[in-house]
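Me: I would like to learn how to read a model like this one. Please take me through it feature by feature.

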Amino acid sequence: MSYASWAPPSSPQQGVNLETFILEGMLETEGATGTFTALLNQICLATKLITSRVRRAGLSDLLGYTGETNVQGEQVQKLDIIANDLLINTLRRQGHCSALASEELAEPVVFPHASGGYLVVTDPLDGSSNIDVDISIGTIFGVLRHDLKTGPPTTQSFLQKGRDLVAAGYVIYGSSTVLVLTTGNGVHGFTWDPSVGEFFLSHNNIRTPSRGNTYSINEGNTSRWSPGVKAWNEYIKSVDPEKNLPYGARYVGSMVADAHRTLLRGGMFAYPADTKSPGGKLRLLYEANPFAMIFEAAGGKATNGNGTNILDIKPTELHMRVPLVLGSTEDVDTFESFTKNE
Ligand code: AHM
């Protein structure tokens, strides 16, 4: 191609940064006060700060363990704490978020002077075991409402179904940094441009294919699985070209990375109950629910493997765990056909 025939790429998406996208969404929403928009922008700011710490962690003595264990009994990484503090310190300002619940905190942090009736749930840095070895990690978040007329938020205020989320998103710190967001009406991805210092719209209206060709599960747990999960696993690896079997296996061990690939390419990701984690491993409020909202808004599906939609589960405690299967509807249905009646 000669220069004469080249023209700069032009797209209606060009130059749409995350703040503009969120603001334009608010302008189209009748009766919007701007509080929700401002809250999303605060979350976005926190993730920009986390991105910058993650990207230079190896140069700034930010890798490795703190020596502490968190409420889940897991070893805490320095970056876990840094990401957690950045979210708290960003969200305590401007008064839109009245409380935040995090994987790293036994109880929620309440911001007593906030006037905005929103709660944020978060896993500030998911996939901690991958931090030191330069494998993708991420931040997961969800937003719930709280009626301040009923009093300041308590732990109980967070025990809402995933259906009650008004927004959910995640940031993947991968080969590029991408923020994926939904407010229930479409799922959109924004890629971080480090030279400008902004997230720009790059994945408009993500749709998960109804079927994929990969499965994602920690196969090292095979001996701990139920008969149904074992039978599904045999099936998905069996040879049947008519059914496009066998599927390929992909497992990063960071849910954000495994779910992000599944969202874009289809297939399924599962962390089922097993004899080591009878209630599942992943946390309902700040891991399973945000992803369930995102997958549903993208045309996919998330269940507990037993026929119950993740978004319909009423949490009984802040750090409740849940078995999780998410991805393309047909692939989740196939998994459940083996496990639903166990
Ligand atoms: P974390 O919150 O300690 O990072 O644990 C959650 C992670 C998920 O990102 C991932 O899907 C899963 O744990 C991996 O678990 P396992 O190592 O048992 O396969």
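Predicted model: local features only at pLDDT ≥ 70, side-chain atom pairs only at ≥ 80, totals over all residues.

Reply: Start with the elements. Helices (H or I, at least four residues) and strands (E, at least two) are DSSP runs, numbered from the N terminus. Residues are numbered from 1 along each chain as its sequence is written, and side-chain values use heavy atoms, with hydrogens and water left out.

Me: Is G58 buried or exposed?
Reply: The cut-offs come first. Buried means under 20% relative accessible area, exposed over 50%, and partly exposed in between (1.4 Å probe, protein chains only). G58 has 62% relative accessibility, so it counts as exposed. For a sense of distance, take Y251, which is 193 residues from G58 along the chain. Their C-alpha atoms are separated by 24 Å.

Me: Which class does Q77 fall in?
Reply: Q77 is buried, because its relative accessible area is 2%. The residue belongs to strand β2 (residues 75-77). Q77 and T66 are eleven residues apart in sequence, and 5.5 Å separates their C-alpha atoms.

Me: Now the ligand. Which residues are closest to the ligand?
Reply: The general idea is a distance cut-off. A residue is near a molecule or strand if one of its heavy atoms lies within 4 Å of it. Here 17 residues surround the ligand, and the closest are G127, N218, Y251, M255 and Y271. By class, that shell holds five nonpolar, five polar and seven charged residues.

Me: Where does the ligand sit?
Reply: Pockets are found on a 1 Å grid over the protein atoms alone. A cavity is a set of points where a 1.4 Å probe fits but cannot get out; a pocket is an open set with protein on both sides within 12 Å along at least five of seven lines, and lining residues have an atom within 4 Å of a point. A molecule sits in a cavity or pocket if more than half of its atoms lie within 2 Å of its grid points. In this model the ligand takes the space of the second largest pocket. The elements giving two or more residues to the shell around the ligand are β5 (118-126), β13 (268-271) and β14 (282-283).

Me: What lies 2.9 Å, 2.8 Å and 2.6 Å from oxygen atoms of the ligand?
Reply: A polar contact is a pair of N or O atoms within 3.5 Å; within protein, one must be able to donate a hydrogen and the other to accept it, and residues adjacent in sequence count only if both atoms are side-chain atoms. The side chain of E103 places an N or O atom 2.9 Å from a ligand oxygen. G127 has a backbone N or O atom 2.8 Å from a ligand oxygen. For M255, a polar backbone atom is 2.6 Å from a ligand oxygen. The protein covers 84% of the 470 Å² of accessible area that the ligand has on its own. Such areas come from the Shrake-Rupley method with a 1.4 Å probe; for residues, only the protein chains shown count as cover.

Me: Which side chain makes a polar contact with the side chain of E103?
Reply: R283 does, at 2.7 Å. R283 lies in strand β14. It is buried, because its relative accessible area is 3%.

Me: And where is N130?
Reply: N130 is in the loop between β5 and β6 (137-145). N130 is buried too, because its relative accessible area is 8%. Its side chain makes a 2.8 Å polar contact with the side chain of S254.

Me: How many residues of helix α5 are buried?
Reply: Nine of the eleven residues of α5 (residues 255-265) are buried. Among them are M255, D258, H260 and R261. Just after α5, G266 takes a positive phi of about 90°.

Methods:
Nonpolar A, V, L, I, M, F, W, Y, C, P; charged D, E, K, R; others polar.
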